[in-house]
Amino acid sequence: MAQIKPSTHEAKGHLYYYPEPSDRFKGLDPYWTIGHLALQEFDGHHEFQTELEGERVTIELTYSKSGFAPRPEDDVETRLYEWELHIDGYGERKCHFNISPRYENMRHYETGDAISLPFDHLDADEGVTVQFQGSNYEIDDIPRLLPAALQELAREAGTTFNDRYFGPPKGGRIEEIERYVRILRDWNKKLVQKGATFDRLAMLLSTEKGTKGAYKWDNERELYHMHQVRLCPISVGKLIPSHNRGRQIKSYLPEHPGNFEPSDPLYHPKIGVLFRKSLNRQNSLPWDERHDLLESLDETLLNALHWSDIPIKVGGEAEGSNSVFVADDHFSVEGRENSVPLHDDPTPRLEAEQDHLLMTVLRDMTTSDTDIVQELATDGGKDAEELSESSGYSLSTIYRALQRLDGLIESRDGHVRFVSQKIAEEIRGVVESAEQAVESAADRAARLFDID
């Protein structure tokens, strides 16, 4: 028995290419050669079908206008072009490449301003940057697809293409990548229904200092159509301490879920974990770290299932999981070669920490603190001036209470509220009326949380 092996759904980033000192071509030669194919051989556009690595695909080559001015020595009268190469494979498998020139002292075509690009920091005077966006291709397949497709285009034109132009990339950046499995709808409820894993993570992490995230959902067309929890790097570290990159955990159905019957794999949801640079302060990841990233995404994904009591082992006599996962065109129900570490569910620990914080704050509250908390427990949140008026305390008293009750209530743009839904719900259970004294509130909280 082995842990289920996730598949790659989406991947987006850049690859950098330039010649080795031993190569007998210049860094821009691949760019000009593709341009010859696109403009001279195919008059700007060509689309055809062929076999690529044993798969029937459609290859399309066209071009777009860049913002780059040509160099004085280039035989180009207008702005430079970028070459657009698109591959459509089996099912929903596809990959798009934007192939763009890089050289020293690049200038904007219209303004003449200098352009700063990541390629500037590489040990090369000129070369090519390839932006890729793939769906349902594994990340290591993508650098092989590019030269293979260009070789097929050259054959289609009755010419040749230097196989050293696009060897292993010299570097690159990953901006997005998602790993996923597909599970039966009934099992999915253990992730997304009220009080389940997604709900607990969002509610508990929202009160952890330094964290940032969001819980979004869309039940408009279908219940549990799309649920996602976005986590910043610190939030992720609260769940799995060895992880430090922001990511998004999500469950989602196709755009039109009502079009599919239970016998169709697309009737059942994907569970995915997505790395995206926008969740990491706009920091992408070096290409050379892609395998470590894939491992960490798989670890997050399988642990999210594990924390939801969803079996994750397949094959042989694996309990339950052989009836959990649903194969589709790009995800196979097969085991990983090696296992990822499984961690204890972090939510009980986070909840215990918050219960301790709540008890500590309740124990030390002043009379004015108690009145303010009772006031907020009734309506959930108020503008500071409104709270001052309704509670009978001055604004200065309100703000001093905010300092003392840090971790329990907060002020955002002058609006005073509990720091999380969990705290608000617990306080409402503790403080039932404005007449309760702080001692009785603390006593009831102790019984509620089973804390001595």
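**Charges, salt bridges and the overall form**

At 59% relative accessibility, Glu110 counts as exposed. Here buried means under 20% relative accessible area, exposed over 50%, and partly exposed in between, with a 1.4 Å probe and protein chains only.

Before I continue, a word on the source. This is a predicted model, in which local features need pLDDT of at least 70 and side-chain atom pairs count only at pLDDT 80 or more, while totals for chains, interfaces and linings use all residues. Residues are numbered from 1 along each chain as its sequence is written, and side-chain values use heavy atoms, with hydrogens and water left out.

Which residue does Glu110 meet in a salt bridge? Its partner is Arg79, at 3.3 Å from N to O. A salt bridge is a side-chain nitrogen of Lys or Arg within 4 Å of a carboxyl oxygen of Asp or Glu. This pair links distant parts of the chain, 31 residues apart: Arg79 is in the loop between strand 4 (55-65) and strand 5, and Glu110 in the loop between strand 6 and strand 7 (126-135). Helices (H or I, at least four residues) and strands (E, at least two) are DSSP runs, numbered from the N terminus.

A search of the whole structure finds 25 salt bridges. One of them joins Glu20 and Lys170, with the closest N and O atoms 3.8 Å apart. Here 150 residues separate the partners: Glu20 lies in the loop between strand 2 (7-17) and helix 1 (29-41), and Lys170 in the loop between helix 2 (142-156) and strand 8 (171-182). Glu20 is partly exposed at 38% relative accessibility, and Lys170 is partly exposed at 32%.

Glu208 and Lys238 form another salt bridge, their closest N and O atoms being 3.3 Å apart. Glu208 is in the loop between helix 4 (197-205) and strand 9 (213-218) and Lys238 is in helix 5 (residues 233-239), so the pair ties together parts that are 30 residues apart in sequence. Is Glu208 buried or exposed? Glu208 is buried, with a relative accessible area of 11%, whereas Lys238 is partly exposed at 25%. There is also a network of salt bridges linking Glu138, Arg179, Glu295, Asp298 and Arg336.

Let us turn to the backbone. Most residues other than glycine have a negative phi. Glu53, however, has a positive phi near 50 degrees; Glu53 lies in the loop between strand 3 (46-52) and strand 4. Asp309 also has a positive phi, near 60 degrees, and is found in the loop between helix 6 and strand 14 (313-314). Asp309 is exposed, at 59% relative accessibility, and Glu53 is partly exposed at 49%.

Finally, the chain as a whole. The chain contains twelve helices and 17 strands, and buried residues make up 51% of its 452 residues. Along its principal axes, the C-alpha trace spans about 90 × 60 × 40 Å.
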